[in-house]
Amino acid sequence: MRDGFILHLRSHAELQESITKRKQKYEQLAFTLQPLIIIIGPTISDIAQYFVLVDDTYYLVNSIITAVACCFKIIHALHAEYPVESKPVWYFIQKGCYKLKTSWDTEYVTVNSLMTDLDISV
């Protein structure tokens, strides 16, 4: 789920191969690659660059917060789907942070439970 939400790569050398493998995996499962956050740096606490990948275009952004916001907005503007591995995370962001409901939402017990535990209403 983590890599479907934010893909961490240690260097740019891993970028193309990782994306190619991800596209091939999705094709086998009859899915397409959706907008994706990619962070590049030697460790998770030492990140040099943040990107949002849309189709074959990499958008460089300033921070992880900007990357998440940008990716979320792109998904909704393009009426794309959330990456299949991380749908619950994105629904939590959608419902908990943006207070957004749509007609094509999926309900997740875990998301609703977490929102209740955090006293977040939609």
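A nonpolar patch joins side chains of Val, Leu, Ile, Met, Phe, Trp or Tyr within 5 Å, each residue having over 30% relative accessible area and no salt bridge (a Lys or Arg side-chain nitrogen within 4 Å of an Asp or Glu carboxyl oxygen). Areas come from the Shrake-Rupley method with a 1.4 Å probe, and for residues only the protein chains shown count as cover.

This is a predicted model: local features need pLDDT of at least 70, side-chain atom pairs count only at pLDDT 80 or more, and totals for chains, interfaces and linings use all residues. Numbering starts from 1 along each chain as its sequence is written, and side-chain values use heavy atoms, without hydrogens or water.

**Stop one: the patch.** Select L29, F31 and V84. They make a nonpolar surface patch of about 240 Å². F31 sits in the loop between α2 (15-28) and β2 (helices are DSSP runs of H or I, at least four residues; strands are runs of E, at least two; both are numbered from the N terminus). F31 counts as partly exposed because its relative accessibility is 36% (buried is under 20%, exposed over 50%, partly exposed in between).

**Stop two: α4.** Select residues 87-97. Of these 11 residues, 8 are buried, including W90, Y91 and F92. The buried residues pack against α1 (2-5), β2 (36-40), α3 (64-77) and α5 (109-117), with contact meaning heavy atoms within 4.5 Å.

**Stop three: α3.** Which residues of α3 are buried? They are A67, V68, A69, C71, F72, I74 and I75. Their cover includes α1, β2, β3 (49-54), β4 (57-61) and α4. End at H79, which follows α3 and has a positive phi near 50°.

Definitions and conventions
Buried < 20%, exposed > 50% of the residue type's maximum accessible area, 1.4 Å probe, protein only. Patch = residues over 30% accessible without salt bridge, like charges linked within 9 Å, V, L, I, M, F, W, Y side chains within 5 Å.
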